[in-house]
Amino acid sequence: MPPKLILIVTIFFVLSLPCMSQQAEPPSPQPKVKVNMLNVCTPSAEEQKEIAAALARIPKQPLFGSDFEISHGVSTLSDSPDFLKPGRNPETAGEPSVARYVRIRREFAVQALFASVQYSFSDDGQNMIETLVLHVRDPKDLIQVSMEDSASAISSVETMVGANTPASRVRLERFGKSSIALARCNGAENASPPDQSVYEPLFRSASEVLANYRNLLGVKRTVSAELAQIPSPTGKASAKTKSAKPNSEEKKEEKK
């Protein structure tokens, strides 16, 4: 082979190496999905301590600032509310939910652990739900504490807000960590419900916080007055259905 031809072939081979190496590289992988399982029926002893500590730090006689917010409206949801997802009631799955709601928010006046508290009440014609959320002022580990109760056999809003319905769910949102939750649970199909007697002090503490802040925020008079200004959603079910309780685990997906 002539020297010039050998040189041309060699140069072509050297120049083609980077292209060959790029073609040989595998395609970039898809984003990984991390699934955290929240054991809401039987949290560990360490998680129980965190829940108890967070509830104990909620002020019983807070000093509120001058800032506050009261709002009401109607919300249409194509999916069932979050509290139904773990043990969704088949009668409500897939049906749009139209709910009247009232929100009350107050700011804390002093530099305490929590910066604000928000109470929410919603009624979709089948379930009435109360939610209390306290937001931490300077999140380092804890972000917020929330408590929830619901009922489906209450005859009126006035009865619901005046009944001091006990809390059925407590949740801690943590900074850089998975959430911690505790909820009242039914048993799996053809199985008895789990023994949650050890968690009664936590449910009792959460219920006391809810009852206290109902009074502090004037829930009894405010919710009824605000809802009276909203027409009842059309097409809401007249029959009340039993509120679903969560299973032992909840899934939370995060893309990484």
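These are my notebook entries on what I looked up in this predicted model.

**Ground rules**

I am working from a predicted model, in which local features need pLDDT of at least 70 and side-chain atom pairs count only at pLDDT 80 or more, while totals for chains, interfaces and linings use all residues. I number residues from 1 along each chain as its sequence is written, and side-chain values use heavy atoms, with hydrogens and water left out.

**Entry 1: the whole protein**

I began with the secondary structure, which comes to 5 helices and 9 strands; helices (H or I, at least four residues) and strands (E, at least two) are DSSP runs, numbered from the N terminus. Read along the sequence, they follow the pattern α-β-α-β-β-β-β-β-α-β-β-α-α-β.

I then looked up burial, where buried means under 20% relative accessible area, exposed over 50%, and partly exposed in between, with a 1.4 Å probe and protein chains only. Of the 256 residues of the protein, 40% count as buried. The accessible surface comes to about 15100 Å², and 55% of it belongs to carbon and sulfur atoms; these areas come from the Shrake-Rupley method with a 1.4 Å probe, and for residues only the protein chains shown count as cover.

For contacts, meaning heavy atoms within 4.5 Å, I noted that residues 24 or more positions apart account for 68% of those with a separation of 6 or more.

**Entry 2**

On one count, β4 pairs with strand β3 (residues 97-108) in the antiparallel sense over 8 bridges, and R105 stands opposite Q118 in β4. These two strands, β3 and β4, form a hairpin with 5 residues between them.

I also found 9 bridges joining β4 to strand β5 (residues 128-136), and these strands run antiparallel. Within that pairing, Y119 has L132 in β5 as its bridge partner. The hairpin of β4 and β5 has 4 residues between the strands, and G125 takes a positive phi near 90 degrees there.

**Entry 3: rings and charges**

I searched for aromatic pairs, in which rings of Phe, Tyr and Trp (its six-membered ring) have centres within 6.5 Å, with planes under 30 degrees apart counted as stacked, over 60 as edge-to-face and the rest as tilted. The count comes to 1 aromatic pair. The pair is F64 and F108, which is stacked at 5.6 Å centre to centre, with 20 degrees between the planes. F64 lies in strand β2 (residues 64-77) and F108 in strand β3, so the pair ties together parts that are 44 residues apart in sequence. I also noted that F108 is buried, with a relative accessible area of 8%.

I looked as well for charges over rings (NZ of Lys or CZ of Arg within 6 Å of the ring centre and within 35 degrees of the ring normal). R103 lies over the face of Y101, at 4.3 Å from the ring centre, and R184 lies over the face of F203, at 3.9 Å from the ring centre.

**Entry 4: the disulfide**

I searched the whole structure for cysteine sulfur atoms within 2.5 Å of each other, the rule for a disulfide, and the search finds 1. The sulfur atoms of C41 and C185 are 1.8 Å apart. The torsion about their S-S bond is about -100 degrees, so the disulfide is left-handed. The pair links distant parts of the chain, 144 residues apart, with C41 in the loop between β1 (33-39) and α2 (45-56) and C185 in the loop between β8 (180-183) and α4 (200-216). I found C41 buried at a relative accessible area of 2%, and C185 counts as buried at 8%.

**Entry 5: some buried residues**

I looked up A54 in helix α2, which counts as buried at 5% relative accessibility. A54 touches F114, L142, V145 and L172, not counting residues up to four places away in sequence. The C-alpha atoms of A54 and L142 are separated by 8.4 Å, although the residues are 88 apart along the chain.

In helix α5 (residues 219-227), the buried residues include V219, V223 and L227. The buried residues of α5 pack against β2, β3, β4, β5, α3 (157-162) and α4.

Technical notes
Pairing = 2+ DSSP bridges.
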